[in-house]
Amino acid sequence: MKTFIHIILCFLIFNIVSAQQISEKKIKRCGAKEHFIQEMKNAKFKKAHLLQQKEIAKRIELSSKLKSVPCANPVIIPVAVHYNDGVSNANPSCLIEAAQAQIAVMNEDFGGYNEDIALFCHFSSACPTQYDASSLAGNGTCIQFCLADQNLPSGEDNIGGYAITVGDYKWTGGVDAPNWAGYLNIFVYEDAAMSGLLGIAPYGGGFNPNGNGVFIGYRYFGGKNMPDGCFSGGKIGGSAPYNLGRTGTHEVGHYFALDHVFDDYNYTGQCGASDFFDPAVDDTPDQNVANYGVPFINYSDCSSSSQNSCGTSDYFFNFMDYVDDIAMLMFTEAQATVMKATAEPQAKWATSSVSCYNDFQNGSLSYEPIFENGCINNCFDVSYTGDDGFKLKIWLEGFDNGSVLNNALSTNNIIPQLQPFNYPPFNYNGSEYVYGFGTSIVDWVFIEVFDTNDDLVAERAAILTTSGRIIDIDGGEDIHFPCLTNGAEYQIVVYHKSHLGVVSSTSITYPASVQYDFTTGVEQAKGNEQLKEVNGKFCLYAGDMNSSGIINNQDYNKWALANALVNNYVSWDVDGNGIVNNLDYNLWQLNRAKVGEPLIQK
């Protein structure tokens, strides 16, 4: 069976061919390289730049030679946003929303808590030679951003009390907003000079934040919190495939002294050429051609559709390549070190302009990278899929739609891309992640594996389809558990967030050659009538909204506290239509007092 991570797999939703054509032919991803080459022709600039690079290199050397340590106090960067051509002040709420959405993406990406970072752990687990797990910036960059909201320069627009201006400033690459020294200035507009350009930044500008900053075309500004954009004179954001805020991440990477992964310091275009910080920055493979669109990795042989221009596997998913927003997901440890060395010290930033600085100091805000301890690879966090495993089928009472299960959560884009079982009672920190969902997908499910002594030996998240079949995140029908013993027998438990879990009535030999189908009869589940017949299929009972293993008033209480929600991913949406209402209550009422097997009671 094929094992691909690619956005056009059976349940993924984007048209890669057209996206790649747009990327390569109509859009220029970044103008930082050309700007830097031009600036280096100026002797005064060149001298100052070389001195700056040497100082950054000294700071890197002092940071224990790239050894990763927990980030106790991130550098807090005040942000000012300056809109201009193509944008007006007609809709202040839109201007604020777009700025906050962009900063939210940058915080996730620079903090190492963007959900899609989990994909790198899948890549490295399946193909460790090509994608070294230790190269991941597991602690993030130790940099965070806040839209400035106090003690702002006088005489400025300061829309809504934030550092937001309209029509006052444009980007040239120098001190373009002199009143805003000590800020990361983001210039958001489009004119004839910037037409077709997603972004541009002064290389290493964050070493001396003297009123300089980065440019982002207004169509590509914002982030995943507003993927369709908003209008204020023109449409801000919403321009797929660059509508997830990664242009901001990419350009700010340049601002903190990163080059493209496909460029060497002197832009020779040759494989093996050096970066300025070599050997410090040595954790991205050699590469001299940019990648576009959404390349894929074939887990079966670790080949990929990226350019691989220097004979090694490209880190096309790095924030400093040219791929579509949805395919960017990580910085390396060395890149993080360079950026932090460039951003420090805190004293050079207008710290008093951001109320969030004190929030980080007093613990109201915290810095929590997902993979602070690196990619976890054990039986309780599966980062590799394969061709042998368990084959499972279930049916959900609440999602029953006759011959298929209700797919409203996927068609309405409500399902989270990262597995959702990181809450009590599961407290599962696995890295299962998919790019997006197609119409054959119903929801996430959670699987536990017990040995014959009822000891939990493995667990993971997987995907339920409209046919009732459970598939792995690669689209394969085998749910893979790498630490189980071939030929041994195990009990399988399947949970859904709003239904009572079930236990297989018989032990199953691993790997299984045939499907274990819970839908064929009540005898398929261990215990007394643990499956309910609905329309000829045997289903998991609806209503266990807190996954306690018992349907009772505690479940009702979750529904009663918020029973008028629309397009929210919650366990009390028992029928899975994206709407919480009396229909969900009715399903709970039918089954209240139903008790699950002791093995599933939490």
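Which backbone nitrogen does a side-chain oxygen of Asn 42 reach at the start of H3? Select Asn 42 and Lys 44, and you will find that this oxygen comes to within 2.9 Å of the backbone nitrogen of Lys 44.

Before going on, note that this is a predicted model, in which local features need pLDDT of at least 70, side-chain atom pairs count only at pLDDT 80 or more, and totals for chains, interfaces and linings use all residues. Residues are numbered from 1 along each chain as its sequence is written, and side-chain values use heavy atoms, with hydrogens and water left out. The protein chain averages a pLDDT (the predictor's confidence in each residue, from 0 to 100) of 89.

Colour His 49, Gln 52, Gln 53, Ile 56 and Ile 60, the buried residues of H3 (buried means under 20% relative accessible area, exposed over 50%, partly exposed in between, with a 1.4 Å probe and protein chains only). Seen down the axis of H3, these buried residues fall within an arc of 105 degrees (taken from the directions from the helix axis to the C-beta atoms), so they line one face of the helix. On the other side of H3, the exposed residues include Lys 47, Leu 51 and Lys 58.

Finally, move to Gln 491, which has its place in strand E18 (residues 489–496) and is buried, with a relative accessible area of 8%. Its side chain reaches the backbone oxygen of Asp 451 at 3.3 Å.

Methods. Helices (H or I, at least four residues) and strands (E, at least two) are DSSP runs, numbered from the N terminus. A polar contact is a pair of N or O atoms within 3.5 Å; within protein, one must be able to donate a hydrogen and the other to accept it, and residues adjacent in sequence count only if both atoms are side-chain atoms.
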